[in-house]
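Let us read this structure together, one feature at a time. Please look at the sequence and the model before the dialogue goes on.

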Amino acid sequence: MAFPDGFLWGGATAANQCEGAYNEGGRGLANVDVIPHGEARGAVMAGERKMLDFEDGFYYPAQQAIDMYHHYKEDIALFAEMGFKTYRLSIGWSRIFPNGDETEPNEEGLAFYEDLFRECKKHGIEPLVTITHFDCPIHLIKEYGGWRNRKLIDFYKNLVTVLFTRYKGLVKYWLTFNEINMILHLPFMGAGLVFEEGEDREAVEYQAAHNELVASAWATKIAHEIDPDMMIGCMLAAGSYYPYSCDPADVRDAQIKNQENYFFVDVQSRGYYPAYAKKFLERRGIDVGMTAEDEKVMAENTVDFISFSYYSTRCTAANPPEGGEGQGNVFKGVENPYLAKSQWGWAIDPLGFRITINDLYDRYQKPLFVVENGLGAKDEVNADGTIDDDYRIDFLRQHIEAMRDAITEDGVEMLGYTTWGPIDLVSASTGEMSKRYGFIYVDRDDAGNGTLARSRKKSFDWYKKVIASNGEDLA
Ligand code: BGP
């Protein structure tokens, strides 16, 4: 059998992209709420345009999203119908601590997730929980400047202590920070950073990265103290960089870009700053304020497994060809002429999935967990309400085959696979609903119109069959 017994098949979502109910249950405002759809979105996500509250004339898709806050029982029942073994979701930090710096948590928020986890368990689904998927309470940004401030480490420690204590026995698998390397690309979304005019952005980003890395190590320590059975993972926006050509300058460029991403997991998995990162920070004159205690907690509390998202590989050149700019999950690069692209310009590269898996396994020698993979595409609803999303099936089939080869041919140890957005949800990069990933269609458009009704796409039955056969039947 290709996939091991107990392989965790499922799907992944994030609180801010599906829950909605942004002002219900005592929830406080978060950075993810105030990221608008439309032209300003990019600048807000990047921390270049300060928007710390709702402004007139903008539409904010996270306010209602797909209203999973009120639909979660129905949605989990649909996941169960597909046979999900696991469901990856994230906690909205400001549901638990509305401001972020309180000492006492909001019981309504805790109860909401407890019910949700119990609902999963009722269906035999193992929750896989991201502690923060881009969330940061707005108060922590206004008052402390977001993750640039070391104080956030203490607030995060408080958060995780509450979560691990409350959900002990209910949740085994945890991820500390979603796509932690996103700090370098979308710093407001990734770490609640807003930049002042003339500020050394890179220095602020690496400061925030350091604080998150320390917080992540503390979370690992606290989890293992509360419940030694808990498994803590890091989470990387992965996708290896290819050199554009065999020109050594291109190869070197790709190596540097890969290190920029590996840096985070190098610290979380090995427990110390790699030499290349120390040298880089030294050269740039960046002092992240490493303390002896930071060093100790990072060294003693490395992650149990490595999780990552994979959408595509990236391609880079020392001297980019004119007009050859490529796209893909906000990572800049050049277009790879060998690969087809999605409707949003993301390169489609199943073999690159196998390559990325091997790169990560070679480097860390720890079990891997693919926690995001999928195709964002426009769906057409037929007159009878059905949706024939064969393109999505093809994409997933090819990627599952590549993952299977990494397991059977290359011997990679893999815990599970969750597709991104098993139910249509708000796109992180664009704020659109029309960039759909789901097996389940949600009737809602980019402007927020629609009934929110759920319906099964063709891929629903396909994925059900994949799971039932433990990945043997991909036809
Ligand atoms: C990752 C994020 C997700 C998700 C996904 C797809 O970066 O972790 O939150 O949204 O990418 O990206 P998009 O929604 O932009 O298509």
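A: The side chains of Arg436 and Asp424 form a salt bridge, with 2.6 Å from N to O; the term denotes a side-chain nitrogen of Lys or Arg within 4 Å of a carboxyl oxygen of Asp or Glu. The model is predicted, so local features need pLDDT of at least 70 and side-chain atom pairs count only at pLDDT 80 or more, while totals for chains, interfaces and linings use all residues. Residues are numbered from 1 along each chain as its sequence is written, and side-chain values use heavy atoms, with hydrogens and water left out.

Q: Where do Arg436 and Asp424 lie in the chain?

A: Arg436 and Asp424 both lie in the loop between strand E12 (414-420) and strand E13 (440-442), so the pair ties together parts that are twelve residues apart in sequence. Helices (H or I, at least four residues) and strands (E, at least two) are DSSP runs, numbered from the N terminus.

Q: Is Arg436 buried or exposed?

A: Buried means under 20% relative accessible area, exposed over 50%, and partly exposed in between (1.4 Å probe, protein chains only). Arg436 is buried at 5%, and Asp424 is buried at 0%. Salt bridges that share partners join Asp379, Asp389, Arg392, Asp424, Arg436 and Lys457 into one network.

Q: How many salt bridges does the structure hold?

A: There are 33 salt bridges in the structure. One of them pairs Lys257 with Asp253 at 3.1 Å, N to O. These two residues are four apart in helix H10, which means that about one helical turn separates them. Lys257 is partly exposed at 24% relative accessible area, whereas Asp253 is buried at 17%.

Q: How does one describe two packed helices?

A: One gives the angle between their axes and the distance between the axes. Here, the axes of helix H10 (residues 248-270) and helix H13 (residues 350-364) come within 11 Å and cross at roughly 40°. Axes are lines fitted to C-alpha atoms, for helices over the stretch in contact, and angles run from 0 to 180 degrees between N-to-C directions. H10 is therefore oblique to H13 (under 35 degrees is roughly parallel, over 145 roughly antiparallel, 65 to 115 roughly perpendicular, and the rest oblique).

Q: Which residues of H10 and H13 make the contact?

A: Contact means heavy atoms within 4.5 Å. Tyr262, Val265, Asp266, Ser269 and Arg270 of H10 meet Asp359, Leu360, Arg363 and Tyr364 of H13. Arg363 and Asp266 also form a salt bridge at 2.9 Å, N to O.
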